[in-house]
2 protein chains.
Amino acid sequence: MVKDRIEATYSCVTCAIGSLVTLFEKGLVPGEKKDTTMRAVLKYFSDLDYNQPPPKIGKEMHHIIREAMENPDPYKDVKYHYNQVLLDQLPQLQGKVKTADDPFQLALRLAIAGNIIDFGPNQKFDISATMEKAKSVSPAIDDSEALRNAILDAETILYLGDNAGEIVMDRLFLETINHPHVYFAVRNAPIINDVTFEDAHMVGIDKIATVISNGDDAPGTILESTSPEFRELFDSVDVIISKGQGNFEGLSGCSRNIYFLLMVKCDHVASFLGVKKGDFVVKNVNGN
Amino acid sequence: MVKDRIEATYSCVTCAIGSLVTLFEKGLVPGEKKDTTMRAVLKYFSDLDYNQPPPKIGKEMHHIIREAMENPDPYKDVKYHYNQVLLDQLPQLQGKVKTADDPFQLALRLAIAGNIIDFGPNQKFDISATMEKAKSVSPAIDDSEALRNAILDAETILYLGDNAGEIVMDRLFLETINHPHVYFAVRNAPIINDVTFEDAHMVGIDKIATVISNGDDAPGTILESTSPEFRELFDSVDVIISKGQGNFEGLSGCSRNIYFLLMVKCDHVASFLGVKKGDFVVKNVNGN
């Protein structure tokens with residue numbers, strides 16, 4: 001059964017342009033490039049077909065931004081920074097998970113909380129407050145016990161990575177479930193603050209999982225743009241764990257056994273899922 | 001002395017497009033017109049000179065929207081609705097002002113609170129909560145005692161109206177100060193939910209002030225676009241009371257004795273004024 005697929009809406013335009021303004025406000029675009037970049041993005045949206053999954057639009061928009069900026073990786077330093085910030089907190093959080101009543105549930109919530117690190121238009125995020133919230137939050141959709149059982153039963157797991165910083169919490173979750181056959185997928189090139197091989201190595205994911213590229217640089221998993229090798233793995237593993245809203249947007253409607261872990265970032269996706277913006281979600285979609 | 005004038009910034013683009021999305025979400029744009037309207041607005045912004053006061057941009061954008069929609073007044077029903085909502089509350093609020101310790105201060109705060117009725121991107125406003133807040137709020141910039149004295153000393157007052165709904169609170173304020181020579185300025189044609197002659201008559205402002213057009217339909221007072229008759233009055237009255245952020249944006253830097261009453265709607269203006277978004281402001285600028 002193929003479920004409905006989420007498509008872009010007009011508010012995605014506001015959000016996308018807001019994410020460019022965030023880039024400006026963070027000082028990541030040199031002053032003399034701002035006008036050119038903004039105009040190029042507005043021109044792109046003025047001609048756009050809106051009936052596409054949002055990450056497909058995000059991919060093209062960020063290609064335009066990088067070209068206008070003449071910079072292939074505007075978020076490079078920001079990604080490094082947030083990996084380091086979360087690595088600094090890791091030992092303390094590892095201790096908390098180890099001594100928790102239910103280490104699986106705490107590590108799962110921290111993995112979702114890590115998703116707060118984002119560079120969309122709502123750029124003001126508070127990592128510490130979100131980590132604290134993770135300890136007591138109840139996901140608005142909670143298939144976590146099904147996920148626990150699926151992991152126990154699975155011979156192979158494919159974990160779809162999302163953002164820098166957040167990936168440190170993915171490491172903590174993977175350490176906690178301690179499964180012997182996990183593939184961790186990254187983007188094949190920099191796109192916003194999404195994880196690439198470099199991030200996976202920096203935070204030590206390569207020590208506990210087989211890191212693979214999905215062959216694409218959309219800020220979400222758009223299956224038709226990924227590599228044949230990735231798709232083969234995607235089709236053959238027992239369980240897929242998908243992190244973040246971008247991966248959810250790309251894979252909504254997909255016919256596979258997927259557990260989506262995300263923090264809901266906008267009203268459009270909130271309404272699609274029947275939850276509220278800011279909610280934690282652990283949602284199983286099993287298309288088979 | 002001419003003070004700094006506020007100009008548009010990149011976040012004004014996000015905000016403007018957000019206000020168009022609000023128009024969509026409120027069902028004010030027929031489905032088949034949405035794409036054309038959005039594309040026309042994006043095209044306009046992709047070619048725009050950003051070094052202009054925001055209301056000048058708002059004026060052109062809304063001309064484009066109206067043309068794409070083939071509708072000269074998309075907000076007509078919304079304006080009528082909010083005038084009626086506030087008229088229904090008027091008798092009760094008149095009673096509260098009459099029995100208040102300081103009727104002037106309460107009516108002033110209610111006039112600012114009325115400014116919450118807005119159709120920008122942050123469209124979720126709660127009129128009752130804001131009216132309640134008005135009773136106890138302290139303006140972040142508070143030249144209200146200077147305003148009280150200026151009104152007592154003035155022979156003539158020019159009051160620059162802002163939005164429908166809000167205009168009912170302007171009536172309450174004008175009833176409270178009970179000054180014999182007030183001119184109340186409206187736009188010369190519909191623009192967003194800004195007040196025109198029709199609104200002034202509907203809420204009875206014409207019974208307590210001389211209603212005049214400013215000769216322009218920018219959603220803010222851009223002096224150079226107003227009529228010579230309006231400018232003559234603007235230059236000759238003793239005190240000008242300017243309502244709302246749009247009028248402030250257009251008149252910032254102007255060399256006249258103006259009291260700006262507004263609720264701050266965005267971070268850009270908040271930062272210009274050194275206050276926070278949502279703050280109430282009573283600010284005197286005396287250029288002479």
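How are α1(A) and α1(B) oriented relative to each other, roughly parallel or roughly antiparallel? Before selecting anything, note that this is a predicted model, in which local features need pLDDT of at least 70, side-chain atom pairs count only at pLDDT 80 or more, and totals for chains, interfaces and linings use all residues. Residues are numbered from 1 along each chain as its sequence is written, while chains are lettered from A and ligands numbered from 1 in the order in which they are written.

**First stop: the helix pair**

Select residues 10–25 in chain A and in chain B, which form helix α1 of each chain (helices are DSSP runs of H or I with at least four residues, strands runs of E with at least two, numbered from the N terminus). Their axes come within 9 Å and cross at roughly 165° (axes are lines fitted to C-alpha atoms, for helices over the stretch in contact, with angles from 0 to 180 degrees between N-to-C directions). α1(A) and α1(B) are therefore roughly antiparallel to each other (angles over 145 degrees count as such).

Now show the side chains: in α1(A), the residues that meet α1(B) include Tyr10(A), Ile17(A), Gly18(A) and Phe24(A), and those on the side of α1(B) include Tyr10(B), Ile17(B), Gly18(B) and Phe24(B) (contact requires C-beta atoms, placed from the backbone, within 7 Å). The residues of this contact comprise 10 nonpolar, six polar and no charged (Ala, Val, Leu, Ile, Met, Phe, Trp, Tyr, Cys and Pro are nonpolar, Asp, Glu, Lys and Arg charged, and the others, Gly among them, polar).

**Second stop: the two chains**

**Third stop: inside chain A**

Colour domain 1 (10–69) and domain 2 (79–286) of chain A separately (the bounds come from an automatic or database domain assignment). Their C-alpha centres lie 25 Å apart, and their contact takes 14 residues from domain 1 and 16 residues from domain 2. On the side of domain 1 that touches domain 2, the largest share, seven residues, comes from α1(A).

Definitions and conventions: Angles under 35 degrees count as roughly parallel, over 145 as roughly antiparallel, 65 to 115 as roughly perpendicular and the rest as oblique. Two residues are in contact if their C-beta atoms, placed from the backbone, lie within 7 Å.
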